[in-house]
Amino acid sequence: MKYIYLVSILTLAALFSCKDKEQSKDIPSSESTTKTSSSNKELINDNTNTKIKTEFSWDDIPTSTKDIGDFPFIKPPKGIVADDIGSSVYSKKLNFSKLKMFSKASNTAFNIEGKVEFINFSTEDENANWEQYYFNKSIDNYLESIGAIQINKGGMTDAYYEKYWSNYDLEYTVKHNDRDLIRMWVLKQENRKIGVQIFKDRMAVVEQVEFVQTIEKFTADDILKEINAKGFATLHINFDTGKSRIKTSSFDIINEIVKMMKANSDLKISIEGHTDNVGNELSNMKLSKNRARSVMMAISDEDIDESRLKSEGFGQTKPIEDNSTEEGKAKNRRVELRKI
């Protein structure tokens, strides 16, 4: 009896062992839990069954042949009007800027550079209620009808907001409470790539344009002409932050000043340093003096007699632009060559 009982136990153990081996064939190894599809550049995670594209590609966007009219391509629906350009902080047109786009499907943030228009909408009748659903449906239906592809249907995670939007340095800020309303579309035509952002009562449109460098070298002749015309020339010489050491990128302009001085042996100049209003006033005064002197020494090192040169610093006391904007501050950080 004991023999029969022992045989039964051994038989059952053998059956379970075979079953476990068969089941183990169906369980993927740890090496196969993540695999890459070369055809669509997707990463597939078997544990979560989610697909994350590695990058946004215009090649994935179908080409539309619809007539979309002129930039910015979209008119407001009936009963809604767009503010005039310049009538508000938001409504403006820029010849070259960027929109930061986000494709939720590919989990990718990317920029579109080119012509940008920021548009603020309001009801035609100022006493009428703003109808969000009507506005959204009107815009979305129209974009779909011209072949645009929606790449973000709304919603923005805290992680994405903090990474890409909390310090977004464009001309507007997406408020925390507006995140769920943000929708993004792209439209590709034969010679056009367009991006559209829509949220609440605002919209931004960008048409991709190649950047064209328009800055030309400021030559010795240009400096002299400006001095003769105005009595001084304004230069933007780059220094290490908070220091008086001239950056390598500004050596070219120093060389042009030297050429001008050598070609005009009777010319004497005062080199005058100016700063923006960031920081301590006394420190800025000292910094401007040191920077002006650095420029003077760099010129004299090229065999220009120091008797023809003098340096002075005025710190933040003589701004030429409003220090409340970054553009104004940049213009106030300058060196002037004044004829003496």
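Predicted model: local features only at pLDDT ≥ 70, side-chain atom pairs only at ≥ 80, totals over all residues.
What is the volume of the second largest pocket? The answer is about 300 Å³.

**Second largest pocket**

Select F218, H236, S249, D252 and I253 to begin. Of the 13 residues that line the second largest pocket, these five lie nearest its centre.

Next, show β11 (232–235) and α5 (251–263). Each of these elements supplies at least two residues of the lining of the second largest pocket. The largest share belongs to α5, which gives three residues.

Now colour the lining by residue class. For the second largest pocket, the count is four nonpolar, five polar and four charged residues.

**Largest pocket**

Move on to the largest pocket, whose volume is about 460 Å³. Select I237, F239, D276, R291 and R333, the residues nearest the centre of this pocket among the 20 in its lining.

Then show three elements: β12 (269–274), α6 (281–300) and β14 (334–339). At least two lining residues of the largest pocket come from each of them. Which element supplies the largest share of this lining? Highlight α6, which supplies four residues.

Finish by applying the class colours to the lining of the largest pocket. Here six residues are nonpolar, nine are polar and five are charged.

**Selections to keep**

Terms used:
Residues numbered from 1 in each chain as written. Heavy atoms only, no water. 1 Å grid on protein atoms, 1.4 Å probe; cavity = no way out; pocket = protein on both sides within 12 Å on 5 of 7 lines; lining within 4 Å. Points joined across faces, edges and corners; volume = space filled by probe spheres on them. Nonpolar A, V, L, I, M, F, W, Y, C, P; charged D, E, K, R; others polar.
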